[in-house]
Amino acid sequence: MRNIFTCLGLLFALQGMPQICSTVDNKFGINGLAINYRPDFNQYLGNMGVALQPDGKIIEAANVISNSQSMIIVQRFMSNGIADQGFAAKGIAYINSPQNQSAFGNDIVSQPDGKILVVGSIQNQGYTIGFMARLDNAGKPDSSFGNNSIVLTGTGYKSEYLRSVRIQANGKIL
């Protein structure tokens with residue numbers, strides 16, 4: 001199963017390079033695809049990352065538009081590719097930026113304890129500010145992290161972005 005995840009993860013991450021996978025496991029998800037359709041998105045802007053949690057579940061983050069507001073969603077799938085309906089709201093967690101500003105995500109990673117980190121940027125009064133958000137293993141905002149689960153960067157430059165996130169061996173966020 002881990003090989004299938006790697007294959008699908010690479011397909012998402014390296015769009016346009018299908019030669020990496022020679023066959024699709026039709027027993028995974030729905031005919032080989034992990035799908036969790038939600039009609040409340042006006043527009044799906046694209047996948048920003050896929051990660052494997054310590055328990056084998058798959059998390060995927062994407063940028064969407066809902067009611068003219070850009071936001072980030074995190075979806076979780078069981079190791080067999082079926083949506084985890086017990087995660088957040090029917091398998092999908094919504095990450096809203098402070099004061100409902102436009103948010104765009106760039107990367108996702110799972111911590112060893114199963115908590116989920118997402119990094120990206122928000123638009124704030126003509127400035128682009130980097131941010132990091134953390135969800136607990138159940139898909140709820142982790143209020144013990146930052147200011148109600150969100151950390152903002154701000155050095156005074158007009159455009160700041162957080163493009164990727166990694167967890168060091170000592171557990172520190174890089």
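Me: Where is Asn 148 found?
Reply: Asn 148 is found in the loop between strand 7 and strand 8 (150-152). Strands here are DSSP runs of E with at least two residues, and helices are runs of H or I with at least four, numbered from the N terminus. Please keep in mind that this is a predicted model, where local features need pLDDT of at least 70, side-chain atom pairs count only at pLDDT 80 or more, and totals for chains, interfaces and linings use all residues. Residues are numbered from 1 along each chain as its sequence is written, and side-chain values use heavy atoms, with hydrogens and water left out.

Me: Why is Asn 148 called exposed?
Reply: Its relative accessible area is 53%. Exposed means over 50%, buried means under 20%, and partly exposed is in between (1.4 Å probe, protein chains only), so Asn 148 counts as exposed. Its phi is also positive, near 55°, in a residue other than glycine.

Me: What makes Lys 90 exposed, and where does Lys 90 lie?
Reply: Lys 90 has a relative accessible area of 57%, so it is called exposed. Lys 90 lies in the loop between strand 3 (69-77) and strand 4 (92-95). Its phi is positive, about 55°, although Lys 90 is not a glycine.

Me: Why does Ile 35 count as partly exposed?
Reply: The relative accessibility of Ile 35 is 42%, so it counts as partly exposed. You will find Ile 35 in the loop between helix 1 (2-13) and strand 1 (43-52).

Me: Is Arg 76 buried or exposed, and how do you know?
Reply: Arg 76 has a relative accessible area of 4%, so it is buried. This arginine lies in strand 3.

Me: What does the side chain of Arg 76 reach, and at what distance?
Reply: It reaches the backbone oxygen of Asn 137 at 2.7 Å. Arg 76 and Gln 53 are also joined through their side chains, by a polar contact of 3.2 Å. A polar contact is a pair of N or O atoms within 3.5 Å; within protein, one must be able to donate a hydrogen and the other to accept it, and residues adjacent in sequence count only if both atoms are side-chain atoms.

Me: Why is Gln 111 called buried?
Reply: Gln 111 comes out at 7% relative accessibility, so it counts as buried, and it is found in the loop between strand 5 and strand 6. A side-chain polar contact of 3.2 Å joins Gln 111 to Arg 134. Leaving aside neighbours within four places in sequence, Gln 111 is in contact (heavy atoms within 4.5 Å) with residues including Pro 54, Leu 117 and Ile 173.

Me: How far apart are Gln 111 and Arg 166 in sequence and in space?
Reply: They are 55 residues apart in sequence and 8.9 Å apart in space, C-alpha to C-alpha.

Me: Why does Asp 107 count as buried?
Reply: Asp 107 lies in strand 5 and has 11% relative accessibility, so it counts as buried. A polar atom of its side chain lies 2.9 Å from the backbone nitrogen of Val 165. Not counting residues up to four places away in sequence, Asp 107 touches Arg 163 and Val 118, among others.

Me: What makes a nonpolar core, and how many residues does the largest one have?
Reply: A nonpolar core is a set of buried Ala, Val, Leu, Ile, Met, Phe, Trp, Tyr and Cys residues joined through side-chain atoms within 4.5 Å. The largest one has 20 residues, and those with the most contacts inside it are Val 74, Ile 95, Ile 116 and Val 118. Its largest share, 4 residues, comes from strand 7.
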